[in-house]
Amino acid sequence: MTKEKSLAEKIKSYSTLALSILATTEAANAQVIYTDVNPDTTVQSNGTYGLDLNNDGVTDFNLVQFNGSGADGVAITPIQSNAFANSSVTIGPYTVPSPDTLNFGDTIDVNLNWQQIVPATSTSSGAASSTFILGLNFPQFTITGGNWFNAGEHYLGLKFKIGTVDYYGWARLELSEGATQFTLKDYAYYAESNKLILAGQQFSDAVTEINKSENQLLKLFVADNKLSIHILNNEIIGGKVEVLNTEGQIVSVSEISKNEFALDLKMLPSGLYFIRAGKNEKQQTNKILIHR
């Protein structure tokens, strides 16, 4: 497992130029503490993962895969007074809190519906008193559900304490079909008390994250409010790079005239954007977060 991966470490393989820019800015911007679970950790067969968001040796949340008596499920337990963003769901005869499936770029702050340890309620006997279900599969009684059940990869919104002060973070994971196992991929928190963090945010720079595309026509990295672009396929030279907001509106257009260039993003407000680049049928789209 890679601990507290810095911005410089994250992108050092991209270019020497990026490293020289970051050398002067890293110390001032090291506020989001990101941990890449490398390789991704998969837990099954009644296994437990103790999630320690700030890597101080103290578990903040227990993630558990449980099976037995024909049932499979994944649950989370906040340790002490930590909490997760949730909504109540009905699974068979039970009404239980189930962590929300946050998407890339969702805001994690005081305004979410935070759930601490409270007894679950049910319309029949047998509901566990501290079970917080991500997903449950009990085919014998045709009981399935939970916000994460067969929902794919999402982000957990997490609130935890360092001493007596609240901090916000996220963890990215995915449940397998039927909740027979879960895979934890990475997690992060903002190392400033009560400071909001965006789901998927890894860095404290204005551009905080780039979602990777499957067809790599170009590589992207960020530094000092600039998005640097390195073209991998010369067939897209002469095309264009467009920045779109979440409503699909194009807010910036640039021509791809050379193999390496940069876009200045400092005038764009905070939010989720899409970078669409290419020429004719060759296109690549990436997501970025801008957070100031």
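Which residue in β4 is the bridge partner of Phe61? In β4, that partner is Pro78.

**The chain as a whole**

Three helices and 23 strands are found in the protein chain. Of its 292 residues, 49% are buried. Contacts also link parts of the chain that lie apart in sequence: among those between residues at least 6 apart, 59% join residues at least 24 apart. The accessible surface of the protein chain is about 13,400 Å², and carbon and sulfur atoms account for 46% of that surface.

**Confidence of the prediction**

For the protein chain the mean pLDDT is 79, with 78% of the residues at 70 or more. Confidence is lowest in helix α2, residues 16-22, where the mean is 28. Strand β2, residues 48-51, has the highest confidence, at 96.

| Stretch | pLDDT | Contacts in the model |
|---|---|---|
| Residues 1-30 | under 50 | 51 contacts beyond four places in sequence |
| Residues 118-129 | below 50 | 19 contacts beyond near neighbours in sequence |

Where pLDDT is low, predicted coordinates should not be read in detail.

**Strands β2, β3 and β4**

Strand β2 runs antiparallel to strand β3, residues 61-68, and four bridges join the two. Within this pairing, Gly50 stands opposite Asn62 in β3. Strand β3 also pairs with strand β4, residues 71-78, in the antiparallel sense, here over eight bridges.

**Asn86 in strand β5**

Strand β5 covers residues 83-91 and includes Asn86. Is Asn86 buried or exposed? Asn86 counts as buried because its relative accessibility is 2%, and the cut-off for a buried residue is under 20%. Leaving aside residues up to four places away in sequence, Asn86 touches Pro97, Ser98, Pro99 and Asp100, together with Asn113, Trp114 and Gln115.

Technical notes. Residues are numbered from 1 along each chain as its sequence is written. This is a predicted model: local features need pLDDT of at least 70, side-chain atom pairs count only at pLDDT 80 or more; totals for chains, interfaces and linings use all residues. Side-chain values use heavy atoms; hydrogens and water are left out. pLDDT is the predictor's confidence in each residue, from 0 to 100. Contact means heavy atoms within 4.5 Å. Two strands pair if DSSP finds at least two bridges between them. Buried means under 20% relative accessible area, exposed over 50%, partly exposed in between (1.4 Å probe, protein chains only). Accessible areas come from the Shrake-Rupley method with a 1.4 Å probe; for residues, only the protein chains shown count as cover.
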